[in-house]
Amino acid sequence: MDTQVVPRISREEEIYRLRTPASRRFFAEAREYLPGGDSRSTLFYRPYPAVMDRGEGCWLYDVDGNRLLDFTGNHSSLVHGYGHPAVVEAIQRQLRKGTCFPGSTEPQLRLAKLLCERIPSVERIRFTSSGTEASMNAIRAARACTGRARIATIDGGYHGLSADATAGVVVLPFNEIDSTARILEAEGGRLAAVVVEPVLGSAGMIPAERDYLEMLRETTRRLGIILIFDEVVSFRVAVGGAQEYFGISPDLTCLGKLIGGGFPLGAFGGRADIMALFDPTRGRPPLPHPGSHNANPIGMLAGAVTLELLTPQAIDLLNTRGATIRRNLAAAFAEAGIAAQITGLGSLFAIHLTGQPVRSYRDTLGSDTDLRHQVFLGLFNEGVQLDPRGVGNVSTAIGSDEVSWLGAAVRSVLSRMM
Ligand code: PLP
């Protein structure tokens, strides 16, 4: 007799399957053409991911017609929600003028000025088509200007780089001042750069502690190492990014996601003397930086309009809503008697189902990821879209009613699990 073990389908998964038959059919067909049914590894979750149809403000609609209150903004790319009218109107005008050109465009200068004015450490900037390319180019620049090859990154850090691109890197323990300082002193003269996210994003929205970043700044400066802040996710926490919030100036900064207003975009910038490595005006630059779609005008314009709407007042409101969500989540899990740590900064938040206080990626390793998955599916069933890894963020399309809705949805899901 065949004794194959059939995994038990949870109640939340059962409801999910009933709500998403069109997604299931789509996924089955897509797997015949795309390995894993998609081109983006991070979007997969069991039993199959919901397939999206459209978005409006803070609402997402999947191909089964489920309406979902969205706390992802495509993993923090859409700080004003889906289809903000000012962004749509600007890109429609640009679409009629042209989508790409064999020359620079006015929208590129507009976005470059906006970013350099907001981030004082960014004296010069260049655009790429993704955050991944931004971090690759920042690392190239650090290697070229120091003449050193080795890179140090943070345990649990994510810069879009594949494991082979970061092979041989030195890994630093996040928020551990003494051990990190010891490693840096020992590696010293061999390191080209330290790359750090001021808020560890993919590892679960874990903010750096200010004295940790201060130590990195002081030590890298003394040892001639380039300090790179990856602000692809954290830029949204203040007008000038997390570096303004923490009061620390890196040598180079990587940007992406929201600065493209929903279009594929990245940027890297910083000290003018380092960025001069990319300057072709005095002959062949030490670092050529080609790319057919670098600084595409649609993304430039969508990003410029997005940033113009992201005023100090808008950021304050986002951060207030983020703080309320973190408080509500902590209260809901505490009432349910489920050990949870809610991390985040500004409008970024994450749920870690562990009793261990979370200051680093390592602290998250004991989290109950099965339960987190049930909560994720449960929230979907309640009409809320979160990232399957339990991370989320707030867009300006989210009002106080939607913040309360999230709290109520979490309580409802947890009550089914008690
Ligand atoms: N850096 C950070 C901190 C990120 O979170 C990401 C993507 O999630 C990247 C870089 C890579 O950006 P992209 O997905 O645009 O290549």
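Colleague: Where does Ser-347 lie?

Modeller: Ser-347 lies in the loop between β13 and β14. Strands here are DSSP runs of E with at least two residues, helices are runs of H or I with at least four, and both are numbered from the N terminus. This is a predicted model, in which local features need pLDDT of at least 70 and side-chain atom pairs count only at pLDDT 80 or more, while totals for chains, interfaces and linings use all residues. Residues are numbered from 1 along each chain as its sequence is written, and side-chain values use heavy atoms, with hydrogens and water left out.

Colleague: Is Ser-347 buried or exposed?

Modeller: Ser-347 has 0% relative accessibility, so it counts as buried. The cut-offs are under 20% relative accessible area for buried, over 50% for exposed and partly exposed in between, with a 1.4 Å probe and protein chains only.

Colleague: Which residues is Ser-347 in contact with?

Modeller: Leaving aside neighbours within four places in sequence, Ser-347 is in contact with Arg-236, Leu-318, Asn-319, Gly-322, Gly-392, Asn-393 and Val-394. Contact means heavy atoms within 4.5 Å.

Colleague: And the strands on either side: how many bridges pair β13 and β14?

Modeller: Five bridges pair β13 with β14 (residues 348-352), in the antiparallel sense. Two strands count as paired if DSSP finds at least two bridges between them. Leu-345 has Leu-348 of β14 as its bridge partner.

Colleague: In what order do the strands form the open sheet?

Modeller: The order of the three strands is β13-β14-β16, with antiparallel pairing. β13 (341-345) and β16 (391-393) are at the edges with a single partner strand each, so one side of each has no neighbour in the sheet. From one strand to the next, the twist averages 20 degrees.

Colleague: Which helix lies across β13 and β14?

Modeller: That is α12 (residues 312-336), which runs at about 175 degrees to β13. The axes behind such angles are lines fitted to C-alpha atoms, for helices over the stretch in contact, and the angles run from 0 to 180 degrees between N-to-C directions.

Colleague: Changing topic: how many aromatic pairs are there?

Modeller: The count comes to 10 aromatic pairs. In the pair of Tyr-16 and Tyr-45, the ring centres are 6.0 Å apart and the planes are at 70 degrees, so this pair is edge-to-face. The rule takes rings of Phe, Tyr and Trp (its six-membered ring) with centres within 6.5 Å; planes under 30 degrees apart are stacked, over 60 edge-to-face and the rest tilted.

Colleague: Where are Tyr-16 and Tyr-45 in the chain?

Modeller: Tyr-16 is in helix α1 (residues 11-19) and Tyr-45 in the loop between α2 (21-30) and β1 (52-56), 29 residues apart, so the pair links distant parts of the chain. Tyr-16 and Tyr-45 are both buried. Together with Tyr-48, Phe-376 and Phe-380, they form one aromatic cluster.

Colleague: What joins Arg-46 and Pro-47?

Modeller: A cis peptide bond joins them, with omega about 0 degrees. Pro-47 is in the loop between α2 and β1.

Colleague: On to β2: which residues are on its two faces?

Modeller: In β2 (residues 59-62), Trp-59 and Tyr-61 are on one side and Leu-60 and Asp-62 on the other; all are buried, and both faces are covered. β2 runs antiparallel to β1, joined by four bridges, and pairs with β3 (residues 67-70) over three bridges, also antiparallel. Trp-59 has Leu-69 in β3 as its bridge partner.

Colleague: What sits over the ring of Trp-59?

Modeller: The charged end of Arg-67 does, 3.6 Å from the ring centre. The criterion is NZ of Lys or CZ of Arg within 6 Å of the ring centre and within 35 degrees of the ring normal.

Colleague: Last one: what is phi of Met-205?

Modeller: Phi is near 45 degrees, a positive value in a residue other than glycine. Met-205 lies in the loop between β8 (199-200) and β9 (206-207) and, at 5% relative accessibility, counts as buried.
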